[in-house]
Every structure is written in C-alpha cells, then in structure tokens.
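The structure is shown first.

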Amino acid sequence: MNLTLKIWRQKNQSDKGGFKEYKVSDISKDMSFLEMLDVLNEQLSDKGEDPVHFDHDCREGICGMCSLHINGKPHGPLQTTTCQLHMRSFNDGETITIEPWRATAFPVMKDLVVDRSSFDRIIQAGGYVSVNTGGVPDANEIPIPKRIADEAFDAATCIGCGACVAACKNASAMLFTSAKISQLAMLPQGQVERKERAEKMIAQMDAEGFGACTNTGACSAECPKGISLTNIARMNREYFSAVVSSENV
Amino acid sequence: MIDSKIPPGPIQEKWTQYKASCRLINPANRRKYRVIVVGTGLAGSSCAASLSELGFQVEVFTFHESPRRAHSVAAQGGINAAKDYKNDGDSIWRMFYDTVKGGDFRSREANVYRMAECSLALIDQAVAQGVPFAREYSGYLSNRSFGGVQVSRTFYARGQTGQQLLQGAYQALMRQSQIGNVRLHTRHEMMDLWVEEGKAKGIVARNLDTGEIKLHVADAVVLATGGYGKIYYLSTLAMNCNASAIWRAHKQGAFFAAPSWTQFHPTSLPQMGDYQSKLTLMSESLRNDGRIWVPIKSGDNRPPHEIPEEERDYYLERKYPSYGNLAPRDISSRAAKEQIDNGHGVGPMNNAVYLDFKDAINRDGKTAIEKRYGNLFYMYKKITGMDAFKEPMLISPSAHFSMGGLWVDYELMSNLEGLFVLGEANFADHGANRLGANSLLQACVDGYFISPHTIMNYLAGEKPIEDPKPELSHEIIDTNQKRLDNLLAIQGNKTAEEFHKELGKILYNKCGLIREKQTLLKAKTELKNLRDSFYKELLVPKGSSLNFELEKAARMEDYLELAQLIVEDALQREESCGAHFRAEHQTPDGEAKRNDNEFQFVSVWEILENGNHNLHKEHLDFESIKVSERSYK
C-alpha cells in the first residue's frame with residue numbers, strides 16, 4: 001500500500017504546532033498501525049529529520065500507552081487500541097490524518113505525545129480500597145456473587161488510555177472516573193469508603209479541567225475496552241447519594 | 001565471596017525465624033530513612049506502597065508516564081497460590097517441589113519455599129484490594145491449571161491477571177502518594193547507581209522531558225525494573241523494556257547471575273513479516289483446552305481441516321503422556337522448535353505449530369470455550385485476521401522471561417549492600433525455567449511481603465544519609481551527561497532500532513532455544529563487530545530534551561554489552577538445564593541433560609575494571625528435596 005500521512009507536529013508544549021504531510025510506500029496490510037509509523041520514522045531518521053514522537057509500549061492492547069486520533073477517531077476506525085489496529089483497515093492511496101488527543105487536561109508534550117497525569121491524580125483522590133499490606137481476611141471469606149463480580153470486572157477493564165476524553169466533544173473524563181467508582185462501589189471491599197470516594201474523585205476530575213457529560217455516548221462507543229455508559233449513570237447515582245448524605249457540610 | 005545468607009533451621013521454619021529475629025526500627029524513626037524504588041510494576045509498586053505504609057520515605061522512579069503502564073500489566077494467565085481451594089492435594093510443599101523441579105534444580109531451595117509459603121497471603125491481599133479474580137457461581141474463587149503441574153492452583157482474572165493485580169498495587173501506591181510518604185518521579189530514567197563506600201546510596205536519573213540529569217540520594221535503593229527478554233528484539237515484551245538499570249548497577253559492582261537463562265514462551269503468535277516489532281503472547285492457559293499438533297508429513301501445506309486425524313502428530317501428548325499439552329514452557333518451546341526445524345512448521349512462513357480447540361469445542365460447546373478464552377480469541381482475530389473458533393491457532397515460541405538477573409541473597413539484597421533487587425530483575429526463584437503464573441507471584445511476594453522486612457532489617461543498621469557534597473554529585477552527573485553526548489555525536493547512518501534488530505537476530509539464531517559451542521563462539525565475534533559498528537554508525541537525531549531515539553540508543557548500548565555476557569554465560573555452562581539447552585548435552589531421546597557433578601551452581605558474574613568478567617559460583621545445596629532427573633513423561 002502507498003499512503004499519505006497528515007501528521008500533527010509540535011516541538012514542545014509551548015510550540016503552536018501544525019500538520020505536515022509525509023508519504024510512505026510498500027506498507028503491508030498485516031502491519032499494525034504503529035509498525036507503519038515505525039517505517040515512517042526510519043525513513044525520517046535516514047533523512048536526518050526528527051522522527052514523529054508517539055506513545056506506545058506493550059503493543060498488545062493492554063498498557064494504555066498508545067493513543068492517536070486517526071481520521072477523527074480515537075484509536076482509528078475500529079473499537080480497539082491503535083497498536084491493535086492493522087493496515088488492512090485502510091485502503092491503498094488513502095490520506096490518513098493523525099493527531100494527538102485534544103483536551104485541556106491532556107497537554108501535548110511533543111508531536112503526538114500528551115501528558116495524561118491528570119488520570120493518576122483522579123485515582124490518587126480515592127480510586128482505591130484503603131487497605132495496608134497484611135492483616136486481611138482469607139480470600140474466600142469475601143464471597144462475591146458471580147454476576148456482581150463479572151460486572152465489577154467489566155468496569156475494571158479500563159486501561160486508562162484516555163480515548164473517552166478524546167472522543168468527547170466536552171473532553172469529559174466521566175467514563176474513566178466512573179469505571180473505577182463503579183468497580184469499587186459494586187464490590188463488598190469498596191463499601192466502607194463508597195461515598196467519600198465518589199465525592200473526592202469527582203472533585204479532582206473537575207479540578208483537572210475535564211468537561212461535563214452531555215450523554216452523547218461517544219466515549220463508550222470509542223472505548224477500546226467497551227466500558228459501558230451504565231457506569232456514568234451509576235457514578236451519578238453514587239455521587240448524588242453521597243452528597244445528600246454527606247457528613248462534610 | 002558468595003554468601004546467600006540462608007537462615008538455619010528446617011525449610012518450613014526459615015522465613016518465620018528470619019522475621020522473628022530481624023531488626024526493626026521504631027515507627028517514629030522510620031520517617032528519617034529514605035528508600036528509592038526504581039520501577040513501578042508489581043514488585044516496585046507493592047514494595048513502595050508497603051514501605052510507605054510502614055512510615056518510610058519513598059522516592060519512586062519510572063520512565064513511564066504513569067506507574068500503571070509498567071509491563072506487569074501484560075501478564076495474562078494467572079497467579080499461583082497453594083490455597084488448595086480445589087481439594088486436589090495441593091500444599092505449600094507441593095508447590096515448592098513443582099517450582100524447584102520446574103526450574104530444573106537450579107534455584108535456591110529456601111527462596112522457593114518462601115515464595116510458595118507467601119503465596120497464600122498474596123491472594124488474600126489482592127482480594128482485599130478489590131482485584132476481581134474469577135469466581136464460581138457460589139461466589140468463591142475459581143482456579144485453573146497451568147503448565148508443569150498437576151493441580152489447579154492458578155487464580156486468574158480473565159486474560160488480564162497482570163493488569164488487575166497491577167491496578168491493585170498501583171492504587172495502593174497512589175493512595176500512599178496522597179496520604180503517605182511516596183514521591184513519584186514519572187518520566188525519569190535511571191542512568192546510574194550511586195555507591196558510597198561499597199553501599200548503594202542513590203541513583204542518577206534523567207528527566208526524559210527536560211533532559212536534566214540529577215543525583216537522588218537515599219539510604220537504600222530498590223531495583224524492580226523487570227526483565228530483558230526484549231534484548232532478542234522480537235519478544236513478548238513491551239517495546240521499552242530494557243536492562244539499563246540493572247546493567248548500570250552491574251557496572252557499579254553488583255553481580256549478575258545466570259544472564260543466559262531466558263525463557264521462550266511456547267504460545268506466542270509467530271512472526272509474519274520483517275517489519276514486525278513484537279510477538280504477541282497468547283496465554284499459556286489456552287493449553288488447558290487446546291491441543292498442539294503439526295502434520296506428520298514434513299512440508300505438508302494443506303489447510304489444517306484437510307489433514308486427517310491420523311496424519312497429525314500431537315507431539316506433546318505423544319512425548320509427554322502424563323503432562324501432555326501442559327508440559328512446562330522450556331520443553332514445549334523446544335519441542336515446537338524441533339518440529340519447525342524438521343520441516344513440520346505451518347503457517348505462511350512455516351514457522352508455527354497448531355493449537356487446536358476443535359475437540360474442546362465439541363466437548364464443552366462454543367459458549368464454554370468463549371467464556372474461558374473469549375478475549376484471547378478476539379485478540380487473535382484482530383491481529384491475524386483468523387478465527388480460532390473455526391481453524392486452529394498458529395503459535396510459535398518467542399523470547400519472554402529472564403530467569404537471570406542481578407544476584408541477590410535470601411534478603412533480596414545484592415552483593416552491594418543497600419541495593420535490593422525484586423521481581424524479574426533478580427535471579428532468585430525460578431532456576432533455569434520459570435513455571436507459568438509464578439512470575440506475577442514472585443513480583444508480588446518480593447514487593448509486599450519480603451522486601452519490607454529485609455529492607456527494614458538493613459536500614460536498622462544504617463545512619464540516615466545526608467545530601468552529598470555537590471562536587472561529588474557533579475562528577476557522576478558529568479560522566480552520564482558525557483555518555484549521552486558521545487552517543488549524540490556519532491552521527492552515523494543507522495538508528496538504534498536497526499542495531500537492535502541485528503542484535504536480536506544474532507541472539508535468536510546463536511544463543512536462543514538451542515545453543516552450541518561453535519555457534520556461540522561465532523556469536524561472540526559477531527557481537528563484538530556489531531558493538532564496534534555501533535560506535536561508528538549510530539544515528540541519533542539531535543536534541544537533549546524529549547528525544548525517544550536518544551533513550552533507545554542508551555538502552556541499546558547497554559544491551560550490546562549485556563549480550564556479550566549472555567553468550568559468555570551460555571558458553572561456560574557445559575550442560576543443559578531448563579531453558580538453557582546445549583546441543584552437546586542431551587539424552588539419547590533429545591531431552592536436556594544436566595551435569596549435577598560440575599554445574600549444580602548458579603553462575604555469578606563480577607565485572608572487572610577492564611570490562612572483563614570474573615565467574616563466581618553459588619553452589620546449590622538441596623537439603624529438603626532429592627535432586628532427580630526432571631521428567632514429564
């Protein structure tokens with residue numbers, strides 16, 4: 001395949017940035033999207049140009065590192081991570097536009113690399129069970145009905161890639177935040193801190209500059225792990241019941 | 001010179017006795033001590049969180065943007081624990097024995113026993129954190145079986161056990177960074193180890209965003225920086241996995257043990273083309289239901305469904321009837337390579353074997369199989385475009401896990417005092433071959449349950465460190481800055497990636513699944529030439545701030561040095577054991593032939609001033625179990 005790539009280049013956080021066009025040829029349809037970018041980068045290096053910086057690591061769809069807005073969609077045309085997207089999803093001669101995630105809370109570091117540490121700070125605010133190492137009961141002393149365990153698991157599959165934010169016209173992080181709140185609200189281990197967790201995580205999410213949710217559902221539609229919109233509904237319920245019964249007046 | 005510090009007494013009592021007698025620090029004094037933890041995978045995150053919970057100051061470093069990205073995330077199949085929830089005869093002792101045997105009697109007995117012993121508490125810990133392990137309809141935890149054992153002791157979380165366990169540890173770490181004493185340094189890469197009077201007292205780290213290099217001091221340093229299987233280029237590891245932290249520590253005097261013991265995972269996806277950057281792993285759990293076979297006739301290119309049952313060779317079931325498709329990884333991988341080398345390989349490049357679910361689907365139904373492995377089948381389809389419900393999967397062995405690593409004693413401390421090495425970065429528990437679902441376990445156990453005790457024991461004998469004199473720190477910072485400047489100055493015409501591919505080819509072909517003296521000697525020359533050309537032809541685009549190519553080049557430089565030691569290690573060990581198979585040393589039916597008289601030791605390498613290596617031997621004493629031939633027939 002021969003392709004034209006329209007890629008966002010930006011030297012650093014303060015640079016204005018802009019699109020640049022590149023041509024790549026002899027691309028195999030079995031290549032992953034990132035391997036196609038590897039080819040481009042080899043080409044650029046050989047010419048003495050700065051290679052395109054993009055985030056990636058495990059290349060098997062689990063670490064959450066890879067990102068990229070491809071032809072206007074986070075992680076491209078399939079509901080998967082970019083590393084699991086293969087060139088067979090594109091046509092010979094096509095022009096592909098590649099941009100970084102766009103969100104105030106995800107500043108661009110260089111080219112296609114963004115800073116997602118805001119997600120860490122949301123987890124920091126309460127996305128855990130406050131248990132220290134040691135002194136816990138036997139694992140089978142906490143039986144959990146399979147249906148509930150499975151549903152909690154569905155929420156726990158979030159890899160924190162940020163596609164939900166990138167897909168949202170409001171750059172909202174509700175799907176990400178709600179996945180963690182849901183997982184722990186459903187499990188017996190998460191009950192003690194349930195209310196406090198919802199309040200704190202949502203406060204942090206707002207403080208980071210993520211937008212509000214207007215129930216469009218683009219987040220869930222683009223989520224490579226298929227995290228359900230139900231989690232946002234559950235988070236709203238959790239938040240509501242937390243505030244009305246809050247002890248922090 | 002090699003003192004493993006194994007506590008006296010019967011094996012069942014050693015760890016209890018150690019904990020009862022190790023030194024403690026009063027809670028009010030703990031905050032005076034600072035510990036640096038490098039790496040935020042399961043071992044690093046759990047160790048950092050646990051130390052902070054105890055009241056120590058912890059400085060955490062990772063080159064990732066977030067601790068949650070560490071490669072523990074990618075482990076699929078599960079984590080072992082001798083809970084015996086299945087009533088199938090499991091026990092700490094059996095798990096201990098399975099692991100020592102799985103490692104081909106080349107691991108340290110006392111360490112392995114302790115790992116099995118601590119496995120019980122680990123499952124409790126993870127569940128308390130909210131890790132969503134698989135459950136039965138009763139609401140109780142579910143288990144499955146893994147390679148090299150005959151009980152079901154593997155706890156799992158669909159095909160993403162590593163991701164879920166790491167979330168637990170990451171969350172514990174994030175909680176401590178909020179309420180406790182953890183300071184996070186993300187996007188920081190360790191460049192060097194700071195040693196004062198023979199003791200590890202800090203690290204030199206580079207801020208990857210700004211390029212700034214700084215010395216960070218501490219009372220102890222923990223390296224939990226993972227494995228180096230990526231040295232083979234094509235591997236199941238993440239693209240950024242590297243050996244730099246442990247190699248830099250090695251160059252400062254930490255001994256390196258068994259560098260050539262690398263496990264090749266039997267069920268990864270085969271290479272499909274030259275452009276390929278990694279080989280995706282398919283969980284070993286698939287071997288519970290999948291049957292591995294190749295056509296009996298070599299060069300048989302018919303599609304799999306046209307090959308009748310009697311013309312198929314289910315070679316693992318044939319050769320190892322009692323373990324069958326669940327034979328341990330080293331044996332399964334080598335058997336696959338043998339079939340491929342003898343012309344029975346299948347797939348477009350004839351470099352794979354079949355993993356067939358037809359019988360399991362007929363037996364249990366498609367729904368049951370989908371429930372068990374749905375996400376793996378889905379992933380397989382996305383990558384290859386093929387449907388494993390309809391045709392057998394193509395799998396092949398690929399570089400996976402480093403059993404070797406920095407040498408540590410029973411306390412997980414290196415020969416350099418104050419340097420602790422955890423998880424895959426050390427060598428201790430897996431011998432010459434790791435059993436499936438033991439790596440998550442080892443990382444967790446090292447981090448949650450062992451290192452907090454042994455580090456406190458060490459710190460109790462130390463006076464809290466003061467910041468070093470500026471002129472001292474300038475020197476080591478300059479050295480490291482110069483090293484990068486030199487790489488930038490070469491301005492040749494080959495990227496680090498291209499060197500990496502070449503290095504990978506040399507190692508795969510000459511120091512991979514099967515090794516032989518003559519080819520190893522050839523590899524030695526080729527590696528030397530490759531290293532020479534690296535310093536003449538390397539091309540790194542200019543720029544000292546965020547520059548991924550510079551990061552790669554520095555890691556590559558370390559890989560090139562490590563590769564030479566790997567080959568040296570493989571040459572020195574004139575026997576076959578576990579993953580280390582020397583063609584000269586095999587039984588008449590092609591199995592690995594150990595040489596216990598001469599090689600019942602761990603090879604421990606010390607680096608000399610001139611860069612050469614000196615071999616020390618840690619003799620392995622088996623007091624509790626009888627060393628026997630490792631058979632899975």
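The sections below describe a predicted model, beginning with the interface and ending with the cavity.

## Extent of the interface

Chain A contributes 71 residues to the contact and chain B contributes 73 residues. Between chain A and chain B, about 6100 Å² of area is buried, and carbon and sulfur atoms account for 51% of that area. On the chain A side, Glu60(A), Thr133(A) and Phe153(A) together supply 11% of the area that chain A buries against chain B, which is more than any other three residues give.

## Polar contacts and salt bridges

Counting pairs with both residues at pLDDT 80 or more, 48 residue pairs are in polar contact between chain A and chain B. Four salt bridges are found across the interface of the two chains. In one salt bridge, the side chain of Arg116(A) meets that of Glu65(B), with an N to O distance of 3.1 Å.

## The chain A side

Several elements of chain A each supply at least two residues of the side that touches chain B: the helices α1, α2 (117–124), α3 (146–156) and α5 (174–186), and the strands β6 (108–110) and β7 (113–114). The largest share comes from α3(A), with six residues.

By class, the side of chain A that touches chain B is made up of 32 nonpolar, 20 polar and 19 charged residues.

## The second largest cavity

The structure contains 10 cavities of 30 Å³ or more. The second largest cavity holds about 560 Å³ of space. Its lining has 34 residues, and those closest to the centre are His56(A), Asn240(B), Phe548(B), Lys552(B) and Arg555(B).

Elements of both chains take part in this lining: α1 (33–46) of chain A, and α14 (496–510) and α16 (548–572) of chain B, each supply at least two residues. With seven residues, α16(B) gives the most to the lining of the second largest cavity. The lining residues of the second largest cavity divide by class into 13 nonpolar, nine polar and 12 charged.

Notes: Residues are numbered from 1 along each chain as its sequence is written. Chains are lettered from A and ligands numbered from 1 in the order in which they are written. This is a predicted model: local features need pLDDT of at least 70, side-chain atom pairs count only at pLDDT 80 or more; totals for chains, interfaces and linings use all residues. Side-chain values use heavy atoms; hydrogens and water are left out. On a 1 Å grid over the protein atoms alone, a cavity is a set of points where a 1.4 Å probe fits but cannot get out, and a pocket is an open set with protein on both sides within 12 Å along at least five of seven lines; lining residues have an atom within 4 Å of a point. Grid points are joined across faces, edges and corners, and a volume is the space filled by probe spheres set on the points. Helices (H or I, at least four residues) and strands (E, at least two) are DSSP runs, numbered from the N terminus. Ala, Val, Leu, Ile, Met, Phe, Trp, Tyr, Cys and Pro count as nonpolar, Asp, Glu, Lys and Arg as charged, and the others, Gly among them, as polar. Contact means heavy atoms within 4.5 Å. Buried area is the accessible area (1.4 Å probe) that two parts lose on being put together, summed over both. A polar contact is a pair of N or O atoms within 3.5 Å; within protein, one must be able to donate a hydrogen and the other to accept it, and residues adjacent in sequence count only if both atoms are side-chain atoms.
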